[in-house]
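This briefing covers one protein model.

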Amino acid sequence: MMIKDSSLREDPDLRGELEFLARGCDFVLPSRFKKRLKSFQRAQIQPEKKPVSPPPPPIPRSPSPPPPAPPPPSINIPRFYFPTGLPNLIVNIDEAIAKVEAAFAKLQEEKADIYEMGKIAKACGCPLYWKAPMFNCAGGERTGFVSVHSFIATWRKLLHSCYDDASKFVYLLAKPGCTYLEQEDFIPLLQDIVDTHPGLTFLKDAPEFHSRYITTVIQRIFYTVNRSWTGRITMTELRRSNFLQTLALLEEEDDINQITDYFSYEHFYVIYCKFWELDTDHDLFIDPKDLSRYNDHASSSRIIERLFSGAVTRGNSVQREGRMSYAEFVWFLISEEDKKNPTSVEYWFRCMDMDGDGVLSMYELEYFYEEQCERMEGMGIEPLPFQDLLCQMLDLVKPESQGKITLRDLKRCRMAHIFFDTFFNLDKYLDHEQKDPFSVQKDVDSEGPEPSDWDKYASEEYEILVAEETVSEQLHDGSFEDDYECEELPITSEIGNKMDKLVISDLSP
């Protein structure tokens, strides 16, 4: 219904009734109706909302590893390896250089030749016979003299890098950039000893023997010092040897034969005479046939074959040409006559280890013993069966592994000389069989400073050679019959005086 009369619409009472009726009978004013209709239409258009499922419970995580512990504080490990010696902070280099300058100041024009370098060596605190290496290292070999400036530059550089005698010696002798010594590096040092040592003055009249004496000394040095068999002497090997101490003794001892290690002329003379007897064509090489004649065919042919197989020699000349040089003979002779020496034990072990596996098997032992049996049967001697001999050798050596003998076993048992002679030196094997075993053990257990087997052999052989030379001279002079009635020949008194004659007469090439 529409109320057209404005007075009625404005009547407050009537308006209040209308509002009351609208609240009670869903009667709404047009404006409210439109709003409710729009809201109803919106509700019809929108889809029903699905009930929201609760979120899944969180998956429990494995406990994370604890954070890494902080690194410990760095440990300061002091340096323990000093290849050129332990630095000596007490040494005052400037003071050492001042002493050298003072020594040069006393020389004419402050220059030193090879003969005056001895004074410089002593000013440096070095042995006298370091003078030739010092002279050459400072350039004296090219100019014939060394100036104070060139030597101080060399010596200062050495003092800053070398801190003991071994490293200084290698620095002076070795080729530039090398930290080891080879055989040719020793030639200037030894030539200076030959030229200036009072015990070798007689060699001035026999210059052809200089190189052979030097070769012998070099081989003896490497035989004793070069324990690694590399042909290169390192500083460590030099420190472990007695070579530098022996070299220093040369200036204190005028009789070089009293220094039996390395430098003895008598030892050289024995070695060279033995080689000269075998080298029938005197070309300074011997073949297996020549070597087999040593000591009246004492060594077996099988061990001689191994000597020429390259087992204990360097280079291919021995295997290719079947010849042994004088230098290689030095090693053979010392090894043959002193099988107690550690190098000798290694020498013969290499020969007997035919397959090179570092172990002497029972097959290898039987191989070498077969020839010994054949030789004994040829002499009318009944040989011991191999099984019985093997039991003796195993009891002698007491190897750590059953049925295998190693180099370590032979060095530890201290009876290697008996072991080796049993298998390839018949004369010495028979000598051992005739000795009292208790006396043999007593000799092994003795720890006194007794001369080595090599020293004993060289001394005995030298006396024999001198006696033979004396007899030969008496026969040559026709005075043998006059001296025959004497009780003994004057050998001892003539040994020193005969040195020159022995060199020139017996060994003239």
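Helices here are DSSP runs of H or I with at least four residues, numbered from the N terminus. In that numbering, Trp276 lies in helix H14. The model is predicted. It has 28 helices and eight strands. The protein has 509 residues, and buried ones make up 41% of them.

**Overall contacts and core**

- Take the contacts between residues at least 6 apart in sequence: 63% of them join residues at least 24 apart.
- The largest nonpolar core holds 124 residues.
- Within this core, the residues that touch the most other members are Phe151, Phe169, Phe186, Phe243, Phe263 and Phe419.
- Helix H14 (residues 265-278) gives this core its largest share, ten residues.
- Phe169 touches Trp130, Leu181, Phe186, Leu189, Leu238, Phe243, Leu244 and Leu247, with residues up to four places away in sequence not counted.

- Trp276 has a relative accessible area of 13%. The cut-off for buried is under 20%, so Trp276 is buried.
- Trp276 and Tyr326 are 50 residues apart in sequence. In space, their C-alpha atoms are 9.4 Å apart.

**Helix H19**

- H19 spans residues 342-352 and is mostly covered, with nine of its eleven residues buried.
- The buried residues of H19 are Thr343, Ser344, Val345, Glu346, Tyr347, Trp348, Phe349, Cys351 and Met352.

**Helices H20 and H23**

- Two packed helices are described by the angle between their axes and the distance between the axes.
- Helix H20 (residues 362-378) packs against helix H23 (residues 416-424) at about 60 degrees, and their axes are 6 Å apart. This angle makes H20 oblique to H23.
- H20 contributes Leu365, Phe368, Tyr369 and Gln372 to the contact. H23 contributes Phe419, Asp421, Thr422, Phe423 and Phe424.
- By type, the residues of the contact of H20 with H23 are six nonpolar, two polar and one charged.
- H23 is largely enclosed by the rest of the structure, because nine of its nine residues are buried.
- The buried residues of H23 are Ala416, His417, Ile418, Phe419, Phe420, Asp421, Thr422, Phe423 and Phe424.

**Thr246 in H13**

- Thr246 is found in helix H13 (residues 243-249).
- Thr246 is buried, with a relative accessible area of 6%.
- The side chain of Thr246 reaches the backbone oxygen of Asn242 at 2.7 Å.
- Beyond its neighbours within four places in sequence, Thr246 is in contact with Ile259, Asp261, Tyr262 and Phe263.

**His197 in a loop**

- His197 lies in the loop between helix H10 (187-196) and helix H11 (210-225).
  - The backbone nitrogen of Gly199 is reached at 2.9 Å by the side chain of His197.
  - The backbone oxygen of Leu250 is reached at 3.1 Å by the side chain of His197.
- With residues up to four places away in sequence not counted, His197 touches Tyr129, Asp192, Leu250, Glu253, Asp254 and Ile256.

**Positive phi values**

- Most residues other than glycine have a negative phi.
- Tyr262 is not a glycine, yet its phi is positive, near 75 degrees.
- Tyr262 lies in the loop between H13 and H14. Tyr262 is buried, with a relative accessible area of 3%.
- Tyr262 is also one of the residues in contact with Thr246.
- His297 is not a glycine either, and its phi is positive, about 60 degrees.
- The loop between helix H15 (288-292) and helix H16 (301-307) holds His297.
- His297 counts as partly exposed, at 41% relative accessibility.

Conventions: Residues numbered from 1 in each chain as written. Predicted model: local features only at pLDDT ≥ 70, side-chain atom pairs only at ≥ 80, totals over all residues. Heavy atoms only, no water. Buried < 20%, exposed > 50% of the residue type's maximum accessible area, 1.4 Å probe, protein only. Helix = DSSP H or I, 4+ residues; strand = E, 2+ residues; numbered from the N terminus. Axes fitted to C-alpha atoms, helices over the stretch in contact; angles between N-to-C directions. Parallel < 35°, antiparallel > 145°, perpendicular 65-115°, else oblique. Contact = heavy atoms within 4.5 Å. Nonpolar A, V, L, I, M, F, W, Y, C, P; charged D, E, K, R; others polar. Core = buried A, V, L, I, M, F, W, Y, C linked by side-chain atoms within 4.5 Å. Polar contact = N/O pair within 3.5 Å; in protein donor to acceptor, adjacent residues only side chain to side chain.
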